[in-house]
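Here is a quick tour of one protein model, written for someone who likes to check the geometry directly. Have a look at the sequence and coordinates first.

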Amino acid sequence: MAPVKRTLNQRLLFFLLFLPISGVLCFSELFFIKEPHDVTVMRKEAVILDCQAHGESPIDVRWLKNGVRVVENERVYLLANGSLFISEVESRRGDKSDEGLYQCLAQNKFGAILSQKARLTIASISSFTIQPTSIVVTQGSIARFSCKISAHPPPIITWELNRVTLPLTTERITVLPSGVLQIHGVQRSDAGNYRCIATNIASRRRSMEATLTVTAPSPQLPQRPRIIVGPQNVSVSLHQTAILECMATGNPRPIISWSRADSKSIDVYNTKVLGNGNLIITDIKPQHGGVYMCRATTPGTRNYTVAAANVTVLAPPSLVEWPESLTRPRAGTARFVCQAEGVPTPLITWLKNGEKVHSNGRIKMYNSKLVINQIIPEDDAIYQCQVENDQGSVLTMARLIVVMSEDRPSAPRNIQADTVSSSAILLAWERPLYNSDKVIAYSVHYMKAEGLNNEEYQVVIGNDTTRYIIDDLEPARNYTFYVVAYMPMGASRMSDHVFQHTLEDVPLRAPELSLTSNSPMDIQVSWQPLPDKLSRGRVSAYRLSYRTSAENTVSQIELPGEKTQHLLENLQPDTIYLLRITAATSIGWGEQSAWTSHRTPKASSARVPLAPDLHLDPLNCTTILVRWQLAPRNSASVQGYRLFYHEESQSESAPLQLRASDNTHTIGGLDPRKKYHVKLLAYNFVGDGYQADQTISTPGCVSVRDRLVPPPPPPHNVYSKTNSSTAILLHWGRPAFTSSHAVNYTVRCNPVGLQNASLVLYLQTNEPSLLVRGLEPNTKYEFAIRLHIDQLSSPWSPVVYQTTFPDAPTLSPSNVKVTLIEEDTALVSWKPPEESNVAVTHYTILYASRHAWIAGEWQVLQREGSITMALLENLKPDQIYFVKVSASNKMGDGPYSQTVELNVRSDPSSGHDQRLSRGSSTGFSDGFYHLDQKSMTGITVGVCIALICIIICAFIIVCRGKNRKFSAVKTYGEGVGTASSSAGQLNSEGQAENADVTVPMMSQSFFIDAKGGSNLIINSQGPVQPGSEKTEKWFPFSSNMKRDNKAAQNMRQGMPLYEPGTTVLTYEEELSPDQPNPLQSLLWSPGDTEGSSNSEGSHDTGDSGRYSHDETEMTNLSSGHSSRPPSLTAEDSEDSDNCTPAEEPLEQVEESLAERKLKESVQNSCCQQEAHSSFQSALCGRVPECV
């Protein structure tokens, strides 16, 4: 028992100690026990709004509705505890309706407090804003109906089919709370009439009926996934439910998955998937906010498409820092602090005894603080900090107690103010009547007498004077003054207020001109009246001066001070005029403006756009908003606008091109307190239209009066999230301060590394978030934000970086080619889509035979985005294959390329080659291999260089041949003549003597593609890959003579027409290792050594050129009837003629031309001496064909 008693005593002691403390903390003088809350009721229903206040009696309770006191009657009256009772709620229009915001006001001798706001809503349900519409779908596809209605409280949505209620969720049918009906895998039985039923406590409404028609299914072709209904950006209140809809189609049916763009995991406890891919987030919290991505993927592949949406969680305000009660002496300073957070950013309002506090000379609100200077007894009150946004409100309170001193001096007496000049006033007073000997200093206070929220200024002077000149005033303004006397123990009361005005002065600045032309011979000049701060008095006159840019003679016109425009007429067309203006007061003329230029339009009958109506508004000290509107009489079509702007005395920069649909533009990044000239004109296909010129001055970021006030802090916690390929969402926190002035923000946006400063984008907003649209896909941007309040601008916030999502490809891969490289394997190659800022993560290749294509059965290949080729294997012979390629990335799939056909044949000996692919993108056509422009240029340059070298060599040979001995030439000629006479038996049309012709002896179906020096052989239909078992080679060769007549006879029958010195190309099967290299089989006949050398060089350097019809015809003419050359065998090499010397090494082939000619003459002589018949002599004198 002892421990129990000890515990009870401790708790009792704690309670007794805590009770007075709690009274202080809770302001026992006055506070609420119960406050009203939001309520929704039926019409004619009774309702009670709670309100119970506790404090020192008596307590007076009043009710306010929408800020106006509620008048009691027999239907609406207060209960004994202070609650408001409404016996029958009315929903009549206007002020007679009981709907609205209610607050309870409680007051006693210490002050008054106001309760939080409570909204009274009468239950209602309106008509449907979105009705379901009839649709026609195929069997097995997806159907979707939607309806939307506004109701309080939110209704429950159900659907009926043929007047029978559908279940909310089945395997195929899903009903979303937002009013969407989804039907997957539509069946014949789903056809019928559908309607939406909305029900709440007020009533029930039925929508119009919509008919679902189901048609027969179509052939099921492969289809990439496509999101037909994606999620939308949504803002959801705290603890409510967010619905993100996602429906996709495709064949096969795609799988839908969800993820977050910031790679955070999705809360599995509060999140579930409803139906076939809809994401539902219940009891939503701030951590659920972010960008959610719906991804539809084809099963078993990496084909997918993505849609994204941002979820913003709205939260009611909550207090971070509360104000504390203060006790301050008279003339002291009190500071209350109140900080709160919420989404959207809450607005802070200060209340004094239940009424809104306004800033004045003594009371200021900034940096989330309420500051009261020069405290007076009337400041003793209860102060409340009211924080509210769209989601709710919260209040907290504190009391200011003013302590009065007993021996304080009386107030200064007989205050007098005399005007000294336009900026100075002399203030004089008498010492206090009581305790004046204890005064140690005086405080002079002054402020502008007109307007609200004027700043109060204070000057402290010694006790040795009672006169003071305030000399930093504005001309032509009324001021109010008072004086306070100070002693060590406190301050006196304020003296009486005195009012005085300053004298006028000349205008500080000239008006800013706006210039337009209505015709080629006039200029409409207009200007805005000067503000009081610049006019420094009443403007009595204006002086307008103008001249042409080519003349110095100035014309002047004086206008009365009430005018704000003037039309200059009878001017010269297409001429630059310079204009300026000055204003005057009763004191004199002010400063003239700088010359402003304007060009009058050309005198032409062409219909160009007239000058737009231009308006310039300074948003802050560094930003100007340009607004314009075309005149109604402007009948000419407009293709766009050109906007020029430059600082005064600076050269004009290049114009900004704007769209025809634009009517506003923000110019940012300007300097404070600078004058800028802005010019705007519209243009069409005829030319530039009439221009509108205007001048504007940017305000100062910090005024003269605020030069000692530090700038507000920049926005903090700047956070960026990518929303799509063209939009980025920005969030930031408002600095911890409050003010009665409106707060706006400037958002600076530009791509990283931007060099042109004129392309920097400046956006304005009043909210601490902004969705920046119109960005480039797959581009990294940098953002910075600054705050503006009451002509004060904060520094730029730290820069944040964010990259937009890449856009889904919109173009297909180009230059798709398909080549059969083996009997059952083809190579597919392509080029990436020709579009910038689109990243390709993978390619999809679809191919199918004709039969499979008809059945819709495609085979699918996937390749990474860096790979642009793929192998098609296991192809079947005697089939035509269709091939197409598409590019994809994580945002979706691009279109497929045009289909390319590949003909796979089983019989390679047929007249056509099986390596031919057809289609719009094929690389082969009509038996030719199409080369691109770069290849053609390279071949052309190479052929030209080769021809030049051949001509030079021929010229050298001819020149050196003239110096040969006559006898050697004669002997050579005789040998040639003998050979020519023998050749006449083979061909009646003899060739020209000593003709140097090189005829490639190759099969009609094959030729060399020598581009680049490769060993690729190309036939009439495309490239030919060498077989796996044997290889055909082309080489220059020379043949040995046979002695027997049988060999000569065979040679005569199979030999084509050729000339002495001709080098012949042929092909043969690869020789065995023990056979001699055919490149080293050289003849000593005339021209053999030289011809072999040329052929060797042509084969190595790839100078054989391109295949053409001319070469084909020459080959056919030279080959004759039996053009297929036989193979060279070892037996033929051994049975050579005695007149042919032994084989020489390859190095001897490159001997000089003179030595070759000498050997040839000796050879011919030997052959003629040993010849037994003209036939044998003919064989010795010509280059034989391969035997």
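How exposed is cysteine 953, in terms of relative accessible area? Cysteine 953 is partly exposed, with a relative accessible area of 44%; buried means under 20%, exposed means over 50%, and partly exposed is in between, using a 1.4 Å probe and protein chains only.

Some ground rules before going on. This is a predicted model, where local features need pLDDT of at least 70 and side-chain atom pairs count only at pLDDT 80 or more, while totals for chains, interfaces and linings use all residues. Residues are numbered from 1 along each chain as its sequence is written, and side-chain values use heavy atoms, with hydrogens and water left out.

**Cysteines**

A disulfide is a covalent bond between the sulfur atoms of two cysteines. Here the working cut-off is a pair of cysteine sulfur atoms within 2.5 Å, and searching the whole structure turns up four disulfides. The table lists some of them.

| Cysteine pair | S-S distance |
|---|---|
| Cysteine 51 and cysteine 104 | 1.8 Å |
| Cysteine 147 and cysteine 196 | 2.1 Å |
| Cysteine 338 and cysteine 385 | 2.0 Å |

Take the pair of cysteine 338 and cysteine 385: the torsion about its S-S bond is about -75°, so this disulfide is left-handed. Cysteine 338 sits in the loop between strand E33 (334-337) and strand E34 (339-343), and cysteine 385 sits in strand E39 (residues 381-389), so the pair ties together parts that are 47 residues apart in sequence. Helices (H or I, at least four residues) and strands (E, at least two) are DSSP runs, numbered from the N terminus. Cysteine 338 is buried at a relative accessible area of 0%, and cysteine 385 also counts as buried at 0%.

Cysteine 51 and cysteine 104 form a left-handed disulfide too, because the torsion about their S-S bond is about -55°. That pair links distant parts of the chain, 53 residues apart: cysteine 51 is in the loop between strand E3 (47-49) and strand E4 (52-55), and cysteine 104 is in strand E9 (residues 100-108). Both cysteine 51 and cysteine 104 are buried, and cysteine 147 and cysteine 196 are buried as well.

Back to where we started. Cysteine 949 counts as partly exposed at 42% relative accessibility. Cysteine 953 is in no disulfide, and the nearest cysteine sulfur, that of cysteine 949, is 6.5 Å away.

Most residues other than glycine have a negative phi, and most peptide bonds are trans. Against that background, the peptide bond from histidine 152 to proline 153 is cis, with omega near -5°. Another cis bond joins asparagine 251 and proline 252, with omega about 5°; proline 252 lies in the loop between strand E26 (247-251) and strand E27 (255-260).

Which phi does asparagine 570 have? Asparagine 570 is not a glycine, yet has a positive phi of about 60°. It is in the loop between strand E53 (565-568) and strand E54 (576-584), and is exposed, at 71% relative accessible area. Asparagine 778 has a positive phi of about 55° and is partly exposed, at 33%.

**Around a helix**

Histidine 851 is in helix H3 (residues 850-854) and is exposed, with a relative accessible area of 57%. The C-alpha atoms of histidine 851 and isoleucine 880 are separated by 8.9 Å, with the two residues 29 apart along the chain.
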